[in-house]
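Dear colleague,

Please find below the structure that I am handing over to you. My notes on what was found in it follow directly after.

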Amino acid sequence: TRLSQPSYKGTDIMNVAIVAASGMTGTELIEQALAAGHNVIGLARTPENIKSNDPRVTKRRGDAFDEASIVDGLEGADAVITSVGKRDLFDKRYKLSTIAHAAVLKGMNKHNIKRLIVISSTGAPPLKRDGIQRNIYLFLRRKYYADMYQMEQQVMDSGLDVTVVRAPYLVEGGADGDYFVEEQENYPVGIKISRANLAHFLINELDKSEWNKRVIAVVGNAE
């Protein structure tokens, strides 16, 4: 699936909850959701760090390790996008993904929200990869990725309308629609996508639900 230019024509307006809305990817998601005409409920451990000051953005506290804050924070949402993750190799919160999404699923069930899009990683599936550096990196983050892979199964088994989107290495860049969907798990070394293009795909998927109940990757085209 490749888009020549970002477009949101015909999108139904929704209240979109974005979990981990203060990070770089969360910031892009907010911008793209607003561009599509949606309202945003931004959840972050420190909601003051959510960068947007648009009046259509409601900022709420949502801590992955405080279940009640996530459950309560999802009230009023029509759909949820999660961007939960950690970049620090020395961060010992190995169960971050499963704990956070257990709270998300509980909140969605409580508030009768059916649509969930989850950002995962191409590093999640336990496969042998090419490249020494790549395998060293995956080894160092093995507990984190094992938890992320378990999270994928957790949300897919929830009975909700779920799309798991595995992202490769995230880079800066605009939303030009120059990406494609990869359904195979044998991901090549060096794949990447801009955060803006990832966010563009996710917001479009909210409306189209083309990949509902699927686990896919979204990859930028090589320059």
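In which sense do β8 and strand β10 pair, and over how many bridges? β8 and β10 (residues 214–220) pair in the antiparallel sense, over four bridges; two strands count as paired if DSSP finds at least two bridges between them. Please note that this is a predicted model, in which local features need pLDDT of at least 70 and side-chain atom pairs count only at pLDDT 80 or more, while totals for chains, interfaces and linings use all residues. Residues are numbered from 1 along each chain as its sequence is written, and side-chain values use heavy atoms, with hydrogens and water left out.

Overall composition

The protein has six helices and ten strands in its secondary structure. Helices (H or I, at least four residues) and strands (E, at least two) are DSSP runs, numbered from the N terminus. Of its 223 residues, 49% are buried, where buried means under 20% relative accessible area, exposed over 50% and partly exposed in between (1.4 Å probe, protein chains only). Among contacts (heavy atoms within 4.5 Å) between residues at least 6 apart in sequence, 71% join residues at least 24 apart.

Strand β8 and the aromatic pair

The covered face of β8 carries Y179 and V181, and its uncovered face F180 and E182. Y179 has G220 as its bridge partner in β10. A search of the whole structure finds one aromatic pair. It is formed by Y179 and F201 and is edge-to-face, at 6.0 Å centre to centre with 90 degrees between the planes. For such pairs, ring centres of Phe, Tyr and Trp (its six-membered ring) must lie within 6.5 Å; planes under 30 degrees apart count as stacked, over 60 as edge-to-face and the rest as tilted. The pair links distant parts of the chain, with Y179 in β8 (residues 179–182) and F201 in helix α6 (residues 195–208), 22 residues apart. Both Y179 and F201 are buried.

Twelve of the 14 residues of α6 are buried, leaving the helix mostly covered. From first to last C-alpha α6 reaches 20 Å, close to the 20 Å expected at 1.5 Å a residue; the expected span is 1.5 Å times one less than the number of residues. S209, which follows α6, has a positive phi near 50 degrees.

A nonpolar core is a set of buried Ala, Val, Leu, Ile, Met, Phe, Trp, Tyr and Cys residues joined through side-chain atoms within 4.5 Å. In the largest one, of 31 residues, those touching the most other members are L29, I30, I81, V165, F201, L202 and L206. α6 supplies the largest share of this core, six residues. Another core, of 28 residues, lies apart from it and includes A64, V80, M108 and A124.

G37 follows α1 and has a positive phi, near 95 degrees.

H38 lies in the loop between α1 and β2 (39–44). Its relative accessibility is 0%, so H38 counts as buried. The side chain of H38 reaches the backbone oxygen of D12 at 3.4 Å.

Yours sincerely

Terms used
Polar contact = N/O pair within 3.5 Å; in protein donor to acceptor, adjacent residues only side chain to side chain.
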